[in-house]
Amino acid sequence: MFSRRKINSFLYREEFVDRNRKVTFRVRVVKSITGSCRESNWVSIPIPSEEGVAAVKNFTCLFYNFEYVNCTWDVEPTAPPDAVYRFHYWQEPMASVQNCSHYIYEGKRRAGCQINGDKLFKELALNSRVQGVSASVKIKPFYHKLEGFAFVKLCPPRRIDVARIPEGFNVSWEIPSEWKSHCTKYEVRVRSIKRDSWVYYAFQRPAGKIMDADTKSRNTIQVRAMYETCGPSGIWSEWTPEHYFGEDAGTTLDWSIALLIVIPVLVAVTAIMLFAKLKQLRRWILPPIPDPGRLLKDMFFDGNGDHSLRIKQHKGSLTLKPELELTCKVTTVEPVRLRVESERKLVDDAASLEGEAVPMDDDYTPYNLVTS
C-alpha cells in the first residue's frame, strides 16, 4: 500500500525511506488539456531491501542532555563470529556520511558508538547505519532514522525549592541555561508520609503551585523533565533526588517505631537493676541464721573427729571462720651430774696411756638431749 503522494513539476524526487525493507516508487504523468486532465499509466520503480544475514537487533539511540549521543545494539545470534561492525551517521547539512570515531565495546565486539554533541545539528533528524563485514557470509546493513527531539533525554532538574503559602505550596526548580524553557514540560510527584501512593502534577514551566498537599505531615517531592513542545515527544529524564517539605521535614525518624524498640529495652534494664537491689535488701533485712548443731560440732571436732583441730569464733561475728592449731615437737636439754671421782679416774687413765696430762674443770657438767 502506498502511504505518501506528492505532485511536482520536477523529473526527480528525493525521499528518505526505510532501507530495512523493500520500497516501491510509482510514477505517472498528469497533464491538463483545455480544462480536462489526462493521466498516463503508472510506472513502478522497485528498490529491494538489502540481502544477507541480519546485522543487529535492539538498536537504540539517546541524546543525553544535548551533550553526546549513545547508539547501542545487540548482535544477532545468526551473525558470524568474525563479523566486524561499523557505524555511520549523517544529517541533511552534512556534506558526506560520517564515520564513528569512538566505539562502545562489549567484550571484543563493537556494540555501540558515542557521538559528541558538538558534531550534530541538535534540532535535525539523525540518520544512521550499522554495517557488518564478514569473510564468510554477507551481512545486511541496518538503517535507522531519529526525528529531532525524539531521542533527547534531559538530565534531572536541580535545586527544588518549596515555600509555604496560605492555599498550599509554591514549588520551583532550576534548569540548565541551554534548555529552551518553552520546549520543555515537567512532571512533579508528591507523596505524604501517611500515604503509599504518589500524586502527579504536570507543569509547562519550572515552577507551579501544589494546592492539595498535606500541610500537617512530612511530604516527599520529585521532578523530571522532557523535551516535547518544539517537536516529537522525547524521553523523560530521571527523577530528581527526594526532597522533603512540610512539618518535621528535617527528620526522617519514625518515632512510633523507635518507641516500640526503646521502651522494652528500658523496662528490661530496669527490671534487672531492681531485682539485684531487692536481693541485696533481702540479705540486709533477713540475714542467714547459722545451724547451732553444726556450730557446736565444728568448734570441737574436724570432719574426722580430730581434737587437735579447733574452730575459733571471733567476737561479734555471726559466721564461723575455722582456724587450725598445730602441735609442734620441742627438744629440751637436761644437765646430768656425774660423780667427780669416777670422771677424774677415767680422765687420768686416758692421760697415762697417751703420756699427756688432760686438765679438767671442777664445774664440768655433761648434758643429755631429750625429745618430747
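**Reading a predicted chain**

Q: Why is Asn65 called buried?
A: In this predicted model, Asn65 has a relative accessible area of 7%. Buried means under 20%. The value of 7% falls under that cut-off, so Asn65 counts as buried.

Q: Where is the place of Asn65?
A: Asn65 lies in the loop between β6 (56-64) and β7.

Q: What makes the phi of Asn65 stand out?
A: Its phi is near 50°, a positive value, and the residue is not glycine. Most residues other than glycine have a negative phi.

Q: Which strand holds Arg159, and what is its phi?
A: Arg159 is found in strand β16 (residues 158-165). Its phi is near 55°, again a positive value in a residue other than glycine.

Q: Is Arg159 buried or exposed, and how do you know?
A: Its relative accessible area is 63%. Exposed means over 50%. The value of 63% passes that mark, so Arg159 is exposed.

Q: Why does Ser128 count as buried?
A: Ser128, in strand β12, has 3% relative accessibility. The limit for buried is under 20%, so Ser128 qualifies.

Q: Which residues does Ser128 touch?
A: Leaving out residues up to four places away in sequence, Ser128 touches Phe59, Phe87, His88, Tyr89, Trp90, Phe142, Tyr143 and His144. Of these, Tyr89 also stands opposite Ser128 across the strand pair.

Q: How do you know that strand β8 and strand β12 pair?
A: Pairing needs at least two bridges between the strands. Strand β8 (residues 84-90) and strand β12 (residues 126-133) share seven bridges. They therefore count as paired, in the antiparallel sense.

Q: What is the order of strands in the open sheet of four?
A: The order is β9-β8-β12-β14, with antiparallel pairing.

Q: What makes β9 and β14 stand at the edges?
A: Each has a single partner strand, so one side of β9 and one side of β14 (142-146) have no neighbour in the sheet.

Q: How many bridges join strand β7 to strand β11, and what follows?
A: Five bridges join strand β7 (residues 68-75) to strand β11 (residues 109-116). At least two are needed, so these strands pair, and they run antiparallel. Within the pair, Cys71 has Cys113 in β11 as its bridge partner.

Q: How do you know that strand β10 and β11 pair?
A: Strand β10 (residues 103-106) and β11 have four bridges, in the antiparallel sense. The requirement is at least two, so they pair.

Q: Which residue takes a positive phi in the hairpin of β10 and β11?
A: Gly107 does, with a phi near 70°. This hairpin has two residues between its strands.

Q: How many helices and strands does the chain have, and what share is buried?
A: The chain has three helices and 24 strands. Of its 372 residues, 25% are buried.

Q: How do you know how far to trust the model?
A: The mean pLDDT of the chain is 77, and 67% of the residues reach 70 or more. Over residues 309-318, pLDDT stays under 50. Where pLDDT is low, the predicted coordinates should not be read in detail.

Key: Residues numbered from 1 in each chain as written. Predicted model: local features only at pLDDT ≥ 70, side-chain atom pairs only at ≥ 80, totals over all residues. Heavy atoms only, no water. pLDDT = per-residue confidence, 0-100. Contact = heavy atoms within 4.5 Å. Buried < 20%, exposed > 50% of the residue type's maximum accessible area, 1.4 Å probe, protein only.
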